[in-house]
Amino acid sequence: MTAHAYGKKTRMPVVWSRREAVPVSRQPAEAIRAWLAGAHPTAQVRLEWTTQRLALVPLRDELGAVRIPGDILHAAVGTDDPRTVAATVRDQLHGPVIHDVRTALGPTYWALVPYRGHAHWGGAADTPLLGPGTYLGVPDIGVTEPPGAYWVVQPYGRGNLCELPAVAAFIQRGRHAVEVPA
């Protein structure tokens, strides 16, 4: 896909929409940062991203997160190989996912989802849906590898989120593979 910027023909990154068979241009990183920081009343999020690569972002109706334990996600994928995990998660969840290995709960993935209207999530205690009133450690948009938390799948624009039914089905496949009771 090409675009014209100030009379010059430039190459733009292309992301395919999961709902349509047409390419969607990736939004600028700054627009995605603004959307992620959304409800934070101060510039603290941007300062944390600049100095620590990770910021505590307030979740809200438009932005929630489902915790997926590493063993369940790896079982659903069939491996813990980072490249295979990234490709499979991208293809099956169709939205942004964060990996954090530095938690007391062990390796953890966070699928970003819409929270509004899903307060009655049917997940188990180890796969909660977090929403308003919770802060999530979110890496800066350019952090795509360890150390620390990083994007397994980056958001391509404002509002790009995983769909809860896809996340629920993915978790169920992982549980079945490791025979973890729900």
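Colleague: Hi! What should I know before I look?

Modeller: The model is predicted, so local features need pLDDT of at least 70 and side-chain atom pairs count only at pLDDT 80 or more, while totals for chains, interfaces and linings use all residues. Residues are numbered from 1 along each chain as its sequence is written, and side-chain values use heavy atoms, with hydrogens and water left out.

Colleague: Thanks! How many residues does the largest nonpolar core have?

Modeller: That core has 27 residues. A nonpolar core is a set of buried Ala, Val, Leu, Ile, Met, Phe, Trp, Tyr and Cys residues joined through side-chain atoms within 4.5 Å. Buried means under 20% relative accessible area, exposed over 50%, and partly exposed in between (1.4 Å probe, protein chains only).

Colleague: And which element gives the most to this core?

Modeller: α5 does, with 5 residues. Helices (H or I, at least four residues) and strands (E, at least two) are DSSP runs, numbered from the N terminus.

Colleague: Which residues does Val 167 touch?

Modeller: Leaving out residues up to four places away in sequence, Val 167 touches Val 66, Ile 68, Leu 93, Ala 111, Val 113, Trp 121 and Cys 162. Contact means heavy atoms within 4.5 Å.

Colleague: Back to α5. What do its buried residues pack against?

Modeller: They pack against β6, α3, α4, β8 and β9. Among the buried residues of α5 are Leu 164, Phe 170 and Arg 175.

Colleague: What span should α5 have?

Modeller: The 15 residues of α5 should span 21 Å, and its end C-alpha atoms are 21 Å apart, which agrees. The expected span is 1.5 Å times one less than the number of residues.

Colleague: New topic: is Arg 67 buried or exposed?

Modeller: Arg 67 is buried, with a relative accessible area of 7%. Arg 67 lies in strand β6.

Colleague: What does its side chain make a polar contact with?

Modeller: The side chain of Arg 67 makes one with the side chain of Thr 108, at 3.4 Å. A polar atom of the Arg 67 side chain also lies 2.8 Å from the backbone oxygen of Asp 126. A polar contact is a pair of N or O atoms within 3.5 Å; within protein, one must be able to donate a hydrogen and the other to accept it, and residues adjacent in sequence count only if both atoms are side-chain atoms.

Colleague: Last one: where is Thr 88?

Modeller: Thr 88 is in helix α4, and its side chain reaches the backbone oxygen of Thr 84 at 2.9 Å.
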